[in-house]
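Me: Could you take me through this model one topic at a time? I would like to begin with the aromatic rings.

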Amino acid sequence: MFKMKELPYGANALEPYINAGTIEFHYGKHYKTYVDNLNKLIAGTEFEHMSLEEIIKKTHSHPQYQGIFNNAGQAWNHEFYWQSMSPNGGGHPTGELKSRIEKDFGSYEKFREAFKNAAVSQFGSGWAWLVDNNGKLEVIKTSNADTPIALGLKPLLTIDVWEHAYYLDYQNRRADYVDSFLDHLANWDFAAK
């Protein structure tokens with residue numbers, strides 16, 4: 001049985017960029033539903049005692065397990081997303097991560113442009129990610145519940161671009177939400193770990 005992971009901060013800690021109502025709804029309704037549905041779907045199956053990562057890797061691209069994959073992927077993605085934000089976040093990364101971003105993208109500004117473009121151009125629901133692909137940093141986007149770990153990539157940071165993540169705060173202004181995430185919330189310490 002999977003349990004919801006605790007938020008690493010209070011529901012109002014990300015204000016004014018993401019308000020407590022959005023966090024309470026997103027965490028307490030959407031994320032909870034993915035965890036609850038996953039537990040129902042895996043009860044009594046071969047997946048019951050596997051980690052989320054194992055379930056994701058074993059069910060990815062197998063249509064007969066689509067429901068399990070969707071809920072496992074969304075539970076994992078949300079747990080990673082909560083960690084990808086911090087009340088003390090945003091701005092530029094430092095140290096080795098800064099050096100790697102500058103090496104692989106040319107500059108922080110070029111990374112930012114690529115990340116924002118991935119997040120804004122994701123059609124419908126999904127995610128934008130900073131990933132490590134065999135030692136090279138890249139920006140990718142995934143649809144719905146898809147996740148870099150299913151693709152053999154190591155995620156470092158993500159932003160949720162499903163409408164429930166930002167609509168109460170930004171309505172249809174996804175670009176403004178992405179700017180707020182990068183400028184004020186991105187948890188570079190978590191990404192560096």
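Me: How many aromatic pairs are there?
Reply: The count comes to 19 aromatic pairs. Rings of Phe, Tyr and Trp (its six-membered ring) pair if their centres lie within 6.5 Å; planes under 30 degrees apart count as stacked, over 60 as edge-to-face and the rest as tilted. Please note that this is a predicted model, in which local features need pLDDT of at least 70 and side-chain atom pairs count only at pLDDT 80 or more, while totals for chains, interfaces and linings use all residues. Residues are numbered from 1 along each chain as its sequence is written, and side-chain values use heavy atoms, with hydrogens and water left out.

Me: What kind of pair do Phe 80 and Phe 190 make?
Reply: The ring centres of Phe 80 and Phe 190 are 5.0 Å apart and the planes lie at 65 degrees, so this pair is edge-to-face. Phe 80 belongs to helix 3 and Phe 190 to helix 8 (residues 188–192), so the pair ties together parts that are 110 residues apart in sequence. Helices (H or I, at least four residues) and strands (E, at least two) are DSSP runs, numbered from the N terminus.

Me: Is Phe 80 buried or exposed? And what about Phe 190?
Reply: Phe 80 is buried, as its relative accessible area is 10%. Phe 190 counts as partly exposed, at 22% relative accessibility. Buried means under 20% relative accessible area, exposed over 50%, and partly exposed in between (1.4 Å probe, protein chains only).

Me: Which residues form the aromatic cluster?
Reply: One aromatic cluster is formed by Tyr 27, Tyr 31, Trp 76, Phe 80, Tyr 81, Trp 82, Trp 127, Trp 129 and Phe 190.

Me: Let us turn to His 78. Where is it?
Reply: His 78 lies in helix 3 (residues 66–83). His 78 is buried, with a relative accessible area of 0%.

Me: What does His 78 touch?
Reply: Not counting residues up to four places away in sequence, His 78 touches His 26, Tyr 31, Tyr 34, Trp 127, Asp 160 and His 164. Contact means heavy atoms within 4.5 Å. The side chain of His 78 also reaches the backbone oxygen of Gln 74, at 2.8 Å.

Me: Now Thr 147. Which residues is it in contact with?
Reply: Thr 147 is in the loop between strand 2 and strand 3, and this residue is buried, with a relative accessible area of 0%. Leaving aside neighbours within four places in sequence, Thr 147 is in contact with Ile 56, Trp 76, Asn 77, Trp 129 and Thr 142. The side chains of Thr 147 and Asn 77 are joined by a polar contact of 2.9 Å. A polar contact is a pair of N or O atoms within 3.5 Å; within protein, one must be able to donate a hydrogen and the other to accept it, and residues adjacent in sequence count only if both atoms are side-chain atoms.

Me: A change of topic: how do helix 4 and helix 5 cross?
Reply: The axes of helix 4 (residues 95–105) and helix 5 (residues 108–121) come within 8 Å and cross at roughly 75 degrees. That makes helix 4 roughly perpendicular to helix 5. Axes are lines fitted to C-alpha atoms, for helices over the stretch in contact, and angles run from 0 to 180 degrees between N-to-C directions. Angles under 35 degrees count as roughly parallel, over 145 as roughly antiparallel, 65 to 115 as roughly perpendicular and the rest as oblique.

Me: Which residues meet there?
Reply: Ile 101, Glu 102 and Phe 105 in helix 4 meet Tyr 108, Lys 110 and Phe 111 in helix 5.

Me: And where is Ser 107?
Reply: Ser 107 is in the loop between helix 4 and helix 5. Ser 107 counts as buried, at 17% relative accessibility, and touches Ile 101 and Glu 102, not counting residues up to four places away in sequence.

Me: Finally, the backbone. What is the phi of Asn 134?
Reply: Asn 134 has a positive phi of about 55 degrees although it is not a glycine. Asn 134 lies in the loop between strand 1 (126–133) and strand 2 (136–143) and is exposed, with a relative accessible area of 78%.

Me: What joins Glu 15 and Pro 16?
Reply: Glu 15 and Pro 16 are joined by a cis peptide bond, with omega about 5 degrees. Pro 16 lies in the segment before helix 1 (20–42).
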